[in-house]
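Dear colleague,

Here is the structure I promised to pass on. Please look it over; my notes follow below.

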Amino acid sequence: WLAELILDELGLTVERFIKMKEGGLEPLDLRILDPSVGTGTFLSLIIQRYGEYLKRSNEFITHEIAREALKKITMNVVGFDIDALAVLTARTNYMIALAVTGLLEHKGGESIEIPIYMANSVVTAEELKEKVMVNIEGKTELVEVVKVPTAIGDFQIPTRLVEDRSILQLLSELRESLRHGYGADHETVREIMRKYSLSKVEEKLVRDLYSELLELKDKGVDEVWIPIIKSHIIPVLFKNSFDYVVGNPPWIAYRYIVNPDYQAKIKNMIKDVYRLVTDEHLMTHMEMATLFFVRSLDLYLKDNGLIGFVMPKAIFSADQHDVFRRGDVASVKYQFKLIIDCEEVEPLFYVPTCAIVAQKVVR
């Protein structure tokens with residue numbers, strides 16, 4: 001019900017969808033992200049509302065109408081989560097929602113991608129960039145790469161290919177060559193690389209990546225790695241592209257982050273990028289929910305877009321949230337539109353809860 005209420009307050013209602021359609025706008029073109037998707041509650045509800053909108057705005061839902069709606073929903077209603085089980089659960093619930101609305105049966109013989117990705121919404125590939133030395137033709141060159149950390153080590157990808165988005169298509173094409181077991185010197189692999197106008201250093205890095213993936217294939221563990229690499233990169237590709245961001249971000253204090261490297265990146269964002277706190281004694285108390293709110297609004301929302309989050313009520317009074325309350329953070333501007341106090345609502349969560357709706361303001 002809290003997710004329903006937040007969607008209502010954001011204006012993501014069946015009634016508004018119908019009015020948009022009457023005004024010549026297509027509500028299915030709205031782009032909506034849940035950056036901490038969990039079990040997929042918010043996105044499942046949105047899909048169900050789209051299903052009701054289609055029923056009420058069409059005398060008869062033809063195969064063409066349903067198929068187009070399915071295509072648009074799976075392009076525009078997106079979720080991220082860092083937890084593999086959450087991603088699996090959310091994808092399942094997303095598919096159930098599509099089935100319940102009757103849309104899934106209209107996909108025909110085409111494959112569809114359920115747009116729930118195992119990705120870090122806060123520390124994106126842009127924060128994983130670093131410069132490395134690459135030896136090529138007897139010379140050593142310094143090149144910027146994105147390091148994708150995995151359980152078996154880091155994959156290195158030329159930053160340019162991430163920034164211009166070509167890495168996704170390149171990986172898809174290389175995946176076909178991997179399935180055939182072609183070596184890095186196979187003409188098909190060389191032809192694929194030529195299509196992307198790689199510099200000599202970039203080609204060396206891509207060849208090394210391909211060789212690593214081929215070695216993993218020979219060990220019988222190749223299928224998982226390309227999707228994992230793509231998932232790490234996906235958030236960058238969605239930068240400032242959503243009309244709405246919704247969700248229930250993680251409620252964990254900074255001091256409970258175990259990984260020291262990750263903690264250092266989070267600290268940099270809190271203190272230097274957004275200046276949410278400057279006093280060191282407040283840093284340990286800062287909650288990830290607040291950073292998640294600001295970061296999601298900054299990274300993913302279009303100008304004037306709306307965000308609706310479930311938040312701990314500590315943001316009302318705790319000293320570490322003072323800058324956030326005043327809307328005085330660095331790098332991004334926003335205006336609170338609505339605060340929902342859930343203090344006396346039971347049962348709910350184990351700590352006092354609220355919900356916030358805010359709008360991203362053009363700087």
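Lys-147 has Gln-156 in S6 as its bridge partner. Please keep in mind that this is a predicted model. Strand S5 (residues 139–150) pairs with S6 in the antiparallel sense, over six bridges. Both belong to an open sheet of three strands, ordered S4-S5-S6, with antiparallel pairing. Strands S4 (129–136) and S6 (153–158) stand at the edges. Each has a single partner strand, so one side of each is left without a neighbour in the sheet. From one strand to the next, the twist averages 50 degrees. Helix H9 (residues 200–218) lies across S4, S5 and S6. Its direction is at about 145 degrees to S6.

**Cores**

The largest nonpolar core has 121 residues. Tyr-50 and Phe-293 have the most contacts inside it. Helix H13 (residues 288–300) gives the most to this core, with nine residues. Leaving aside residues up to four places away in sequence, Phe-293 touches Ile-307, Phe-309, Met-311, Phe-324, Ile-356 and Ala-358. There is also a second, separate core of seven residues. Ile-136, Val-143, Val-145 and Val-201 are among them.

**Salt bridges**

The count comes to 25 salt bridges. One of them joins the side chains of Glu-15 and Arg-56, at 3.5 Å from N to O. Glu-15 lies in helix H2 (residues 14–22) and Arg-56 in helix H3 (residues 41–57), so the pair ties together parts that are 41 residues apart in sequence. Glu-15 is partly exposed, at 43% relative accessibility. Arg-56 is partly exposed too, at 47%.

Glu-191 forms a salt bridge with Arg-194, with the closest N and O atoms 2.9 Å apart. Both residues lie in helix H8 (residues 187–194), three residues apart, about one turn of the helix.

Lys-219 and Glu-215 meet through their side chains in a salt bridge of 3.6 Å, N to O. Lys-219 is exposed, with a relative accessible area of 60%, while Glu-215 is partly exposed at 45%.

**Backbone points to check**

Which phi does Arg-275 have? A positive one, of about 50 degrees, although Arg-275 is not a glycine. Arg-275 lies in the loop between helix H11 (260–273) and helix H12 (280–283). Asn-304 is not a glycine either, and has a positive phi of about 70 degrees. Asn-304 sits in strand S8 (residues 301–312). At 46% relative accessibility, Asn-304 counts as partly exposed.

Best wishes

Terms used. Residues are numbered from 1 along each chain as its sequence is written. This is a predicted model: local features need pLDDT of at least 70, side-chain atom pairs count only at pLDDT 80 or more; totals for chains, interfaces and linings use all residues. Side-chain values use heavy atoms; hydrogens and water are left out. Two strands pair if DSSP finds at least two bridges between them. Helices (H or I, at least four residues) and strands (E, at least two) are DSSP runs, numbered from the N terminus. Axes are lines fitted to C-alpha atoms, for helices over the stretch in contact, and angles run from 0 to 180 degrees between N-to-C directions. Contact means heavy atoms within 4.5 Å. A nonpolar core is a set of buried Ala, Val, Leu, Ile, Met, Phe, Trp, Tyr and Cys residues joined through side-chain atoms within 4.5 Å. Buried means under 20% relative accessible area, exposed over 50%, partly exposed in between (1.4 Å probe, protein chains only). A salt bridge is a side-chain nitrogen of Lys or Arg within 4 Å of a carboxyl oxygen of Asp or Glu.
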